[in-house]
Amino acid sequence: MQVSSLNEVKIYSLSAGRSLPEWLSDRKKRALQKKDVDIRRRIELIQDFEMPTVSTKIKVSRDGQYIMAVGTYKPRIRCFDTYQLSQKFERCLDSEVVTFEILSDDYSKIVFLQCGRFVEFHSQHGHYYRTRIPKFGRDFSYHYPSCDLYFVGASSEVYRLNLEQGRFLNSLQTDASESNVCDINPVHFLFAMGTAEGKVECWDPRTRNRVGLLDCALSSVTADTEIDGLPSISALKFDGALNMAVGTSTGQVLLYDLRSSNPLIVKDHHYGLPIKSIQFQRQLDLIISADSRIIKMWNKDTGKIFTSMEPEYDINDVCLYPNSGMLMTANEAPKMNIYYIPVLGPAPKWCSFLDNLTEELEENPESTVYDDYKFVTRKDLENLGLAHLIGSSLLRAYMHGFFMDIRLYHKAKMMANPFAYEEYRREKIRQKIEETRAQRVQLKKLPKVNKELALKLIEEEGEEQQVTRKRKQKNLPSLLKDDRFKVMFENPDFQVDEQSEEFRLLNPLVSKISEKRKRKLKILEELEAQEQEEEEEPEGKASDAESSESSDDEKGWVEEVRKQRKLLRQEEKVKRQERFKEDQQTLLKPQFFEIKEGEEFRSFKDSAKKQKLMKKTLGDRLKLEEKLGTLHVSDTTVGSKQATFKLKKSEQQKKQQEAEKQHRQERKTLRRSASHLKSKRGRGRLFY
């Protein structure tokens, strides 16, 4: 638990502390709690009080038993039971939730305003009904006496949906182009809406007429405030029958008395960020206002700061638990923060033990997540020689890598590279020496990679500098000093291969271009000298000379390219001859093929015959079968064709038939011999 203090007000962050990985077993968690003091002092007030990625809105039911939060990704709502200190249910939704409202005392009736203009109703069992509004909605409020839902958004109209009749009613036509927020007074049920033009319109739901208009944009600008554009209304909240707080997109909070058009007090957050949430704390007459960076508590009568909180992540919503000192926030992070401020009030009934704990707590800095584990990729494991551990209990798969024990990682790293520290020390010493050398007079040294290209650039740069000095122009930035091309002269992978085909074909062109540049520079220098001497000469001479020289250069370049192509063809021819000689020298070894059991090898001709037969048409195959006698085609009385065919027997079936035939012959011979012996014995007895 983390403790902070501002203006002698102690704030206890109940969600601060180390997060244990989900895949750890209960036994390892208990062992860590025994060893680590931070984990032992960590308080998990509500189990799994978080969202997968981001939480956007958080609210408490009127009976105080359920805390509901919506977030992404995927869009979902989670309901937490404070009596059980755990999650009660979770429901996934089709689209992201802009805002939601709890209509009942518990979780049995909920309304969601979603991004795709959908309004979704949930009951105790789950999804109940879904409808759609004409324009994209930004906020809505529930009018209890008439059971009407008022929707505001990207339209000048306020849409009304009656939940008793189950139909849309006539909408309210406003003067605003768009509306951002709305609220209904809990005492006299006055409907107020904040517009994009920085105005607040108040409507009477009974007569459906506008009864008031406040220009908050003009009132928010004071002598101390600095704004870039027209402030719009980003937050709106009623307090009692007469007070109303308005938050602007430029970071100001205005407190109004409904009987006056001028604000009672204007409070600036000095961050220039839109106000996200406004809450009232009646016991101490405080206003709790929050933008995405800070939560400020200040007195509504004097405007004096009471205390403030700056969470680690951006704030999306703030919820004050009723009649207590507990504050909950929805953030741009998976974990939702819970703060306990004893000065604001006692702890809720379901966590009354906090009052005893806060007396003994001390300040503890927040530690990083997964301190005992190191994240490594598959490439890191191969470098450390631990790739064989993949799939074992020592590595836990996570995203594109693995988590491993930090002690095992350090041991493996020391064994894989025992001199890593010495190399690191030498590199640091070298960097410091180079930093000191940078202060000395620098000599022009060629880089290690692409020396010829660098030399060429330096020469061209010197020539261009001479021309620019004479013309009094600004020098162009050097290619060698440009950070975008720095790697080209440091990394060996960018070394120009002068033996490649592309370079050999382009090199004549590059060399001719550099020669052209030099000639042009000489011509320009001659022209400038002639102008200084005030001697007039026809411009055609220089152009004729230049055109004749350019034509000669083009001819020379074409000849050079043809020459290089001829050399490349000769080299390819030599390579082909060498490959041919190597192929001739290599001896072809016989290949052996295995035949399956029960099959006989006849020849490769049979397979060739089968392939040829398969390529023929059905008619040709039928004619061939008729010739062989295995197929007989005849006409019937109806006029159709009748085909009778004999199935070809496989080799195994033929062998089986031959074996059966041989067996029958053997049995016949045995029977004949047996009958012959019997007849001989009978004759012998009679004769005797």
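Below is a short chat about a predicted model.

Biologist: What are the ground rules for the numbers?
Modeller: The model is predicted, so to speak for local features we need pLDDT of at least 70, and side-chain atom pairs count only at pLDDT 80 or more, while totals for chains, interfaces and linings use all residues. Residues are numbered from 1 along each chain as its sequence is written, and side-chain values use heavy atoms, with hydrogens and water left out.

Biologist: How many helices and strands are in the chain?
Modeller: The chain has 13 helices and 34 strands. These are DSSP runs numbered from the N terminus: helices are H or I with at least four residues, strands are E with at least two.

Biologist: What is the strand order in the open sheet of 5 strands?
Modeller: The order is 1-2-29-28-27, with antiparallel pairing; two strands pair if DSSP finds at least two bridges between them.

Biologist: Which strands stand at the edges?
Modeller: Strand 1 (2–6) and strand 27 (315–320); each has a single partner strand, so one side of each lacks a neighbour in the sheet.

Biologist: How many bridges join strand 28 to strand 29?
Modeller: There are 4 between residues 326–331 and residues 337–340. Thr329 stands opposite Asn337 in strand 29.

Biologist: Cysteines now. How many disulfides does a search of the whole structure find?
Modeller: It finds 0, a disulfide being a pair of cysteine sulfur atoms within 2.5 Å.

Biologist: Is Cys202 buried or exposed?
Modeller: Cys202 is buried, at 7% relative accessible area. Buried means under 20%, exposed over 50%, partly exposed in between (1.4 Å probe, protein chains only). Cys79 is also buried, at 0%.
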